[in-house]
Amino acid sequence: MAQEALLSLKDITLKREENTILSEASLDIYPGELVYLIGRVGAGKSTLIKSIYADIPIYSGEARFGQYDLRKLKRKQIPYLRRELGIIFQDFQLLMDRTVEKNLEFVLRATGWTDKVEIKRRIREVLSLVGLENKNYKLPHELSGGEQQRTVIARALLNKPNMMLADEPTGNLDPETGEQIVRLLHEITRSGTAVLMSTHNYGMVKKYPSRVAKIDNGRIIEVQLKKSETSDGDAE
């Protein structure tokens, strides 16, 4: 029996301020796979990611994530949808006046966790997964960029999401740290969590290969990167 797609987008149209960004675009993502999303600056990578977590409406087509019809989503369903999606932002969006542990505790309490023992246990679990088990007492400004991004990934993992959306997660990191983050995202897929990661770093994509979806002229196409394509965006 064929595996069912976790995310299924069929012929969707996305608009920003009346400008059509994507038209008749389709993409299926299955549990436990990492898909790189590439394309020129302004092609619509962030717009597509935002549409999946219901920050931007899908104008037409069919769009489903798990049990949710993204075209017919009611406002009260959005928090429940987002609990099944781990969102990783390029600019971290951490609470700068709170420790790593308090940043994670804030998210758990905001999503309905109340048991103090369970909260501490889950925080320990996710920090261990990202290699930050000894940094729980640190404030964000006391962490390196890579450690801040690992904190963001830990935050995204808290509610055991079925899928993680990573919008340029290595964009503000040095190459070595960026590689560590990509390897970590690949490791996360082994537990069955899917990852959709937008990136401009073609070298990283070739070093850690997986499916590649490219936004080109408002469509999504599957591509194989050629050796001549570089990480500086020329190939887009």
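Pockets in the predicted model

In the largest pocket, α2 gives the largest share of the lining, with four residues.

The volume of the largest pocket is about 560 Å³. Its lining is made up of 18 residues. Nearest the centre of this pocket lie R82, L85, I87, V107 and T111. Two or more lining residues come from each of α2 (78-83), β6 (85-88), α3 (100-110) and α5 (145-157). By residue class, the lining of the largest pocket holds 10 nonpolar residues, together with four polar and four charged ones.

The second largest pocket has a volume of about 220 Å³. The residues lining this second pocket are R122, L129, L157, K160, P161, L184, E187, I188, S191, G192 and T193. Which elements supply at least two residues of this lining? They are α4, spanning 116-129, and α6, spanning 175-189. The largest share of the lining of the second largest pocket is that of α6, at three residues. Sorted by class, this lining has five nonpolar residues, three polar residues and three charged residues.

Taken by element, then, the largest share of the lining comes from α2 in the largest pocket and from α6 in the second largest pocket. Taken by class, there are 10 nonpolar residues in the lining of the largest pocket and five in that of the second largest pocket.

Note on methods: Residues numbered from 1 in each chain as written. Predicted model: local features only at pLDDT ≥ 70, side-chain atom pairs only at ≥ 80, totals over all residues. Heavy atoms only, no water. 1 Å grid on protein atoms, 1.4 Å probe; cavity = no way out; pocket = protein on both sides within 12 Å on 5 of 7 lines; lining within 4 Å. Points joined across faces, edges and corners; volume = space filled by probe spheres on them. Nonpolar A, V, L, I, M, F, W, Y, C, P; charged D, E, K, R; others polar.
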